[in-house]
Amino acid sequence: MKVIAISNQKGGVAKTTTCLNLAAYFARKYKVLIIDCDKQANLSKNIGVEEPKTTINDLFQKKPFEVINVRKNLDLIPSSIDFAGIDLVIQGELARETILKKAIKKLGSAYDFIFLDCPPDMNLVTVNALTAADYVIIPVQASQFSMDGVDIMIQFIGGVRESLNEDLSLLGILITHFDERLRISKSIEQDFKDNEWEDALFKTRIRRNTAIENSQHKDNRMTIFEYQKNSPGAVDYAKLGNEIARKIKKYSETWD
Ligand SMILES: Nc1ncnc2c1ncn2[C@@H]1O[C@H](COP(=O)(O)OP(=O)(O)OP(=O)(O)O)[C@@H](O)[C@H]1O
Ligand SMILES: [Mg+2]
């Protein structure tokens, strides 16, 4: 079982889109669970789960919770706005950083992959997700990119690795909303080349594509593969899935 967190403190960089479509891609071959760790519950809504009976809020409060089957091979622990106050609820607890890790352990070996959609915050929930994860993916939006933002995330990951989870690896930085016609997209690639993080950059870029937005529209609520399997978005996310599978295999060979 591999646990992969999709995280960036910046909002709107395509964390949720990446989490959902990667999970859907891996569910073609593997048993996959998505845990929606964001009180905005965008991922839950995007896959068609509104007003669930129990949510990640119950998981964090150690109450019984349901795992919902949403597609073939694809399960979800949903979120809802109730999750908004959780930081305060768990603040005074011992081992408050490892609540999610322990819950995942109890789910046992039922899954090959677990994807964690993180909120655009560096709060206790994000710390829980990074503590539970083997790998983290940082999506960055091409048009609002800043190397400073990436540095902040990488420092944060370093802090979690040092104090809570020494097994956490940066799986890669993913450029999203990519438009090669824009000068800014080219300058980002150059920024990375000039910087020590070049190796961390995924070769796959996710192009800006309206099919992705439409797939999430309230009348659709589909993965990009269900909505338009030949769209640039579907092609890019399948390519990313392949790149990730290769990367994880390489990591595993190194460590075994
Ligand atoms: N490649 C793309 N092309 C066009 N639109 C996209 C693309 N990826 C994501 N979007 C759109 O951008 C918006 C933000 O995406 P998303 O919700 O995945 O970001 P997020 O990082 O999860 O945001 P938040 O920080 O609020 O959780 C959504 O409306 C989504 O449909
Ligand atoms: Mg999101």
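Select R207 and ligand 1 together: a backbone N or O atom of R207 lies 2.9 Å from a nitrogen atom of ligand 1, a polar contact in the sense of a pair of N or O atoms within 3.5 Å, where within protein one atom must be able to donate a hydrogen and the other to accept it, and residues adjacent in sequence count only if both atoms are side-chain atoms. The protein covers 85% of the 640 Å² of accessible area that ligand 1 has on its own, with areas taken from the Shrake-Rupley method and a 1.4 Å probe, and with only the protein chains shown counting as cover for residues.

This is a predicted model, in which local features need pLDDT of at least 70 and side-chain atom pairs count only at pLDDT 80 or more, while totals for chains, interfaces and linings use all residues. Residues are numbered from 1 along each chain as its sequence is written, chains are lettered from A and ligands numbered from 1 in the order in which they are written, and side-chain values use heavy atoms, with hydrogens and water left out.

**Around the ligand**

Then widen the selection to the shell of 19 residues around ligand 1, of which K15, T16, T17, N209 and Q216 come nearest; a residue belongs here if one of its heavy atoms lies within 4 Å of the molecule. The shell divides into 5 nonpolar, 8 polar and 6 charged residues, where Ala, Val, Leu, Ile, Met, Phe, Trp, Tyr, Cys and Pro count as nonpolar, Asp, Glu, Lys and Arg as charged, and the others, Gly among them, as polar. Two helices, α1 (15-26) and α9 (210-216), each supply at least two residues of this shell; helices (H or I, at least four residues) and strands (E, at least two) are DSSP runs, numbered from the N terminus.

Next select N209, which lies in the loop between α8 and α9 and has a polar backbone atom 2.9 Å from a nitrogen atom of ligand 1. Is N209 buried or exposed? At 13% relative accessibility N209 counts as buried, a class that means under 20% relative accessible area, with exposed meaning over 50% and partly exposed in between (1.4 Å probe, protein chains only). Leaving aside neighbours within four places in sequence, N209 is in contact, meaning heavy atoms within 4.5 Å, with S231, P232 and G233.

**From Q141 to H177**

Move to Q141 in strand β6 (residues 135-141), which counts as buried at 12% relative accessibility. Not counting residues up to four places away in sequence, Q141 touches G12, V13, T176, H177 and R208. From there, select H177, found in the loop between β7 (169-176) and α8 (183-193); although H177 is not a glycine, it has a positive phi of about 50°, and at 27% relative accessibility H177 counts as partly exposed.

A further stop of this kind is K62, in the loop between α3 (56-60) and β3 (68-71), where phi is positive at about 60° although K62 is not a glycine. K62 counts as exposed, at 58% relative accessibility.

Beyond the residues up to four places away in sequence, L100 touches I35, C37, L59, F60, L116, N128, A129 and A132. Colour helix α6 (residues 124-132) next, where 9 of its 9 residues are buried, including N128, A129 and A132. At the start of α6, a side-chain oxygen of N123 reaches to within 3.2 Å of the backbone nitrogen of V125.

**Aromatic rings**

Finish with the rings: a search of the whole structure finds 9 aromatic pairs, counting rings of Phe, Tyr and Trp (its six-membered ring) whose centres lie within 6.5 Å, with planes under 30 degrees apart called stacked, over 60 edge-to-face and the rest tilted. Select Y30 and F113, whose ring centres are 5.2 Å apart with planes at 75°, so the pair is edge-to-face. Y30 sits in the loop between α1 and β2 (32-36) and F113 in strand β5 (residues 113-117), so that the pair links parts of the chain 83 residues apart. Y30 counts as partly exposed at 32% relative accessibility, whereas F113 is buried, with a relative accessible area of 8%.
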